[in-house]
Amino acid sequence: MVASGDGEPVKPEKDRKFVEALSRGLDVLRAFSQGSVILGNQDIARITGLPKPTVSRMTYTLTKLGYLSYNQQLEKYQLSSGVLALGYAYVSNLKVRQLAKPYMDEFARQTNMSIGLTCRDRLHMIYVENRLPPEASLLRMDIGLKLPMATTSAGRAYYCAITDKARKTIDDAMEAKYGPAGWLEKKEGLDRAKEDFEKHGFCLSLGEWDRNINSAGVPIHLQDGTIMALTCAAPSYLVSGEKLRESIAHQLAMLASDIESLGV
């Protein structure tokens, strides 16, 4: 497993402080982020790789605690309000999100692009804020939406901003997830992103996550050492890759610098 921070992979057998039962319970909750909103014990066991008896105990406990609810008709589980309360507590107390909003609104108005603030979760980036131009109805990214790290500009910006050691951890996890051939393809895009980042301070994804979407991303360094990513996106017929590279991505990098100067 890949830790969310800039650290070593999780190795339960070598860490006495690591509570494996808690880890398994959280893995059960994470299973619901894989696409399906309602899962049975067998589905969860397949996704997590945990034994079905273990999954049954975990889902029973999580239901008793209010993090899952049980649909008796379907004999399956879904996330309950306890999970929402935890997520809301994190987002509502995120200082950078509150301070960045007016800056993001102005950027969206000037560029006619969607702009989002994201944080890392394993091999994904998650939206914690998204702002749109006043009259735009496209590319509305809900808070909590997950993006793959390898092919999105937000993920690439984060990947380029972390230490070599942390990047190696992510590389190993991606190779394990995608296999040798899939990892080679992902690595080519990440290597291009590193070149762009070293030259210009931003990363691009031009139709690589969604063939109809062009986007740019830049990292934001918080005072506590956390790295987030700011990303802007628009349909390719509205914003060309050339326009993004030559002007808008540079504006995004300046915006990230302004937000960092707020002392968040």
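The points below start with ground rules, then go through the cores, a hairpin and a record annotation.

1. This is a predicted model, with local features needing pLDDT of at least 70 and side-chain atom pairs counting only at pLDDT 80 or more, while totals for chains, interfaces and linings use all residues. Numbering runs from 1 along each chain as its sequence is written, and side-chain values use heavy atoms, leaving out hydrogens and water.

2. The largest nonpolar core has 31 residues, and L230 and L252 touch the most other members. (Such a core is a set of buried Ala, Val, Leu, Ile, Met, Phe, Trp, Tyr and Cys residues joined through side-chain atoms within 4.5 Å; buried is under 20% relative accessible area with a 1.4 Å probe, protein chains only.) At least two residues each come from helix 5 (95-111), strand 3 (114-121), strand 4 (124-131), strand 7 (213-221), strand 8 (227-235) and helix 8 (241-260). Helix 8 gives the most, with seven residues. (Helices, H or I of at least four residues, and strands, E of at least two, are DSSP runs numbered from the N terminus.)

3. Apart from that core lies another, of 21 residues, including M125, Y158, A166 and C203.

4. Strand 1 (residues 68-71) and strand 2 (residues 76-79) pair antiparallel over four bridges; pairing takes at least two DSSP bridges. S69 has Q78 as its bridge partner. Four residues sit between the strands of this hairpin, where E75 takes a positive phi near 60°.

5. UniProt, in an unreviewed entry, puts "domain: HTH iclR-type" at residues 19-81; such annotations may be inferred rather than shown by experiment. In the model, that span is 52% helix and 13% strand, with its end C-alpha atoms 24 Å apart.

How values were computed: Buried < 20%, exposed > 50% of the residue type's maximum accessible area, 1.4 Å probe, protein only.
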